[in-house]
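User: I'm new to this one and would like a close look at a single part: the place where the two chains meet. Could you walk me through it?

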Amino acid sequence: MPDECCGPGYASPAAAMQAPREKLLYTIAIYVGTGIEKPDYLATIDADPDSATYSKVISRLEMPGIGDELHHMGWNACSSCHDDAEMERKFLIVPGVRSSNLHIVDCATDPRNPKLHKIIDGAEIKAATNLSAPHTVHCLRSDIIISMLGDAQGNPPGGFLHLDKDFNILGRWENDLGGMKFNYDFWYQPRHNVMVSSEWAGPNTFMPGFDLEEVGHLKYGRELHFWDFEKKAVKETFYLGEDGLVPLEVRFHHDPDSSHGFVGAALSSNIIHWWKDDGDWKWEKVIDVSNEKHPEWPIPLPGMITVILLSMDDKYLYFCNWLHGDIRQYDISDPHNPVLTGQVWMGGLLGKAPLVNGHKITGGPQMIQLSLDGKRLYVTTSLFSTWDNQFYPEIRENGGCMVMVNCDTENGGMDIDEDFFVDFGKEPNGPSRCHETRYPGGDCTSDIFL
Amino acid sequence: MTGAVTITIANRGGASFLVDPKKPLLASLEAQGVSLPYGCKYGGCITCAAKLLHGEIDQQAAVALNNKQLRDGYVLLCVARPKSDCTLDVGVDSHDKLYRNPFAEPLKQDELKADIATQPEETR
């Protein structure tokens, strides 16, 4: 069916699934913490299997400064602006977690060779809003909001930065943080007038690396916040306790009528499901990944679920156990009762898959991005420079990598593709580490439907 | 420069630099052409960590270091001001003791960051 509308994105998740296959990938790559005094950069990867440069980095956009720690990123416009002909999915907003700089990158003028359009200086953001450490970027029609994990001194709880469509700082987005202690990821579902936000830790806690003992001292999050989206105020907070230590990626169903959503609790290594039941928000633990005993270490090793995502049709949930080394696929047709349908191994600390298709894997499966049709999952191996250095110190010499996992959308199941492998250990300036990935046409974690 | 002190970088061939003790070492050394890693520039991350081999440093704003890292001699150059002549190892080559897998080597109570560390029972 031709799309009658002229704004960015898609009319519905079903329409998004019919979009052409992704031919380019944008992935951030970092030199922070590697010993190489070069800027972090946005790598463009050729994902067209008919191209001569398939599975290769075809351009690199260096940031102007050193030490940003690029991490997550988001579009200036998504399907939430689909009915607005004035809007265009043109710019990626690429924050530096450590520097608090926001890099606005033009990906539309020449999609194979993105160019820097503008920088919002971290010092300017701190001065205007007393916020630092930008993380998740979502657009709200023509506005942009960014979760900020700390105040200007790096202390929690942080808040939300509000930009207009021309990237002017409007101030803080939220009116009332309620009792929110930390900030991290967020997603909103306007038909239910709700936003859900999660908790990592204050920048001064997570930036230097992970000390397990700090979890017990309440330096890491364990709560989930349900916002009145229109009032921009936290309405209800769920204490997840030991089941929900360090809740990270927040994913609502793409179906805008649905109230179901999921969050991965990284340290507890549980998947928490929420939904609205007769007007009340409820939550439950639906997946529990057991800790594994490492033969030489005193403390059992959690899976460390550092990412989750849902397929565009809301049928499958994917997540990674960054420390164990497995990627899992669950059928969530019944969101109360996920069924494990696929599992593959790459890297990790348990030694189950040091080699994949002949390639040495350093790190574990970390950030993932799924094609709109649900068939290709792109996986990178680096989490965060200091955490990488703690758990996978050899990544300094070997760099990160990206693999592609083929997903069976009919019967479930996954296998790691033999032909696609991007080795960031062989970058021109030396081994770098790749993290979040996006496509020019939107992906399974960028677009929200009104 | 009044009261200037000498900073020697042991792992860069013993190169030495005269610096103003009132300024953070990262700024002073970068101004003299030393390429160093850094991130937040306020003492909240450990990207710029260096190891102090000799001398004395004031780094009250270095909230990111835990007591173990402090005892191992780490200083955060973005907020560290020298109180005397100092010798340092810089960059990731100095980070041999900075990073630790917490499941393999958990911290003791007195090795945590200053705001949550407690003394061991026997010395209380």
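Analyst: Let's start with what counts as touching: two residues are in contact when heavy atoms of theirs lie within 4.5 Å. Keep in mind that this is a predicted model. On that basis, chain A brings 41 residues to the contact and chain B brings 29 residues.

Now for the area. The size of an interface is often given as the accessible area lost when the parts come together. Here chain B and chain A bury about 2,800 Å² between them, and 58% of that is on carbon and sulfur atoms. On the chain B side, the residues that lose the most area to chain A are B:Tyr42, B:Tyr99 and B:Phe103, which together make up 27% of what that side buries.

Next come the charged and polar links. There are 4 salt bridges between chain B and chain A. One of the residue pairs joined by a salt bridge is A:Lys219 with B:Asp115, where the closest N and O atoms are 2.5 Å apart. Polar contacts turn up too: 11 residue pairs make them across the interface of chain B and chain A, counting pairs with both residues at pLDDT 80 or more.

What kinds of residues make up the side of chain B that touches chain A? They split into 18 nonpolar, 7 polar and 4 charged. So that you can find the pieces again, look for B:Tyr42, B:Tyr99 and B:Phe103 when you want the residues of chain B that lose the most area, and for A:Lys219 and B:Asp115 when you want a salt bridge.

Methods: Residues numbered from 1 in each chain as written. Chains lettered and ligands numbered in written order. Predicted model: local features only at pLDDT ≥ 70, side-chain atom pairs only at ≥ 80, totals over all residues. Heavy atoms only, no water. Buried area = accessible area lost by both parts, 1.4 Å probe. Salt bridge = Lys/Arg side-chain N within 4 Å of Asp/Glu carboxyl O. Polar contact = N/O pair within 3.5 Å; in protein donor to acceptor, adjacent residues only side chain to side chain. Nonpolar A, V, L, I, M, F, W, Y, C, P; charged D, E, K, R; others polar.
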